[in-house]
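This report looks at a few local features of one structure. Please have the sequence and the model in view while reading.

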Amino acid sequence: MKNTYHAEEEMFDFVKQFENKTLPEEKWTHGAHLTVAAVYLTEHTPDEAICFLRSDIISFNLAKGGANTPARGYHETMTLFWVWFVMMYLVKNGRGRELVEVVNEMLADPMAGSGTPMRFYSKELITSVQARARWAEPDLKLLEFDAERNDEL
């Protein structure tokens, strides 16, 4: 992934641009989503981070002229999947380290690639309106919520 940050301030400035809707649309990439999730998870409880992510992604999409519909825009299951991934990555790899270092490492990890959800979800399920609208349990492999026991990370 292209997102690499040289300092924590640069990463936090990136997140502020996203929150303020001044981030250029072309910079709102998969890596950007993961970066924002990591910052939110370090600044808030997981439930709060999810609320902020949901709200901020929807409003960013609208501010940039996008739509949040049953076919495009915000995707609840994907967002929650990636929150799980980032949370597990931070727990497993982040202890005692600078956040910017962990985020850069995470973004370079092949498991952070946009295809990873397909290890857990069939294409049929992940592209469904149901999965876009609300959390859908994986149909191929269950998510393990213990980073120490998760062999996927």
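Which residues in α1 meet which residues in α2?

## Helices α1 and α2

The model is predicted. On the α1 side the residues are Met 11, Phe 12, Phe 14, Val 15, Phe 18 and Glu 19. They meet Ala 32, Thr 35, Val 36, Val 39, Tyr 40 and Glu 43 in α2. The residues of this contact comprise nine nonpolar, one polar and two charged.

Helix α1 covers residues 8–19, and helix α2 covers residues 30–43. Their axes lie 10 Å apart, and the packing angle is about 100 degrees. Angles of 65 to 115 degrees count as roughly perpendicular, and α1 and α2 are therefore roughly perpendicular to each other.

## Trp 28

The loop between α1 and α2 contains Trp 28. Is this residue, Trp 28, buried or exposed? Trp 28 counts as buried because its relative accessibility is 13%, and the cut-off for buried is under 20%.

Leaving out residues up to four places away in sequence, Trp 28 touches Phe 18, Leu 23, His 33, Val 36, Ile 57, Phe 60 and Asn 61. With His 33, the side chain of Trp 28 forms a polar contact of 3.2 Å. Ile 57 is 29 residues from Trp 28 in sequence, and the C-alpha to C-alpha distance between them is 9.7 Å.

## Ser 122

Ser 122 sits in the loop between α5 (99–108) and α6 (123–126). Its relative accessibility is 18%, so Ser 122 counts as buried. Apart from neighbours within four places in sequence, Ser 122 is in contact with Asp 139 and Leu 140.

Technical notes: Residues are numbered from 1 along each chain as its sequence is written. This is a predicted model: local features need pLDDT of at least 70, side-chain atom pairs count only at pLDDT 80 or more; totals for chains, interfaces and linings use all residues. Side-chain values use heavy atoms; hydrogens and water are left out. Axes are lines fitted to C-alpha atoms, for helices over the stretch in contact, and angles run from 0 to 180 degrees between N-to-C directions. Helices (H or I, at least four residues) and strands (E, at least two) are DSSP runs, numbered from the N terminus. Angles under 35 degrees count as roughly parallel, over 145 as roughly antiparallel, 65 to 115 as roughly perpendicular and the rest as oblique. Contact means heavy atoms within 4.5 Å. Ala, Val, Leu, Ile, Met, Phe, Trp, Tyr, Cys and Pro count as nonpolar, Asp, Glu, Lys and Arg as charged, and the others, Gly among them, as polar. Buried means under 20% relative accessible area, exposed over 50%, partly exposed in between (1.4 Å probe, protein chains only). A polar contact is a pair of N or O atoms within 3.5 Å; within protein, one must be able to donate a hydrogen and the other to accept it, and residues adjacent in sequence count only if both atoms are side-chain atoms.
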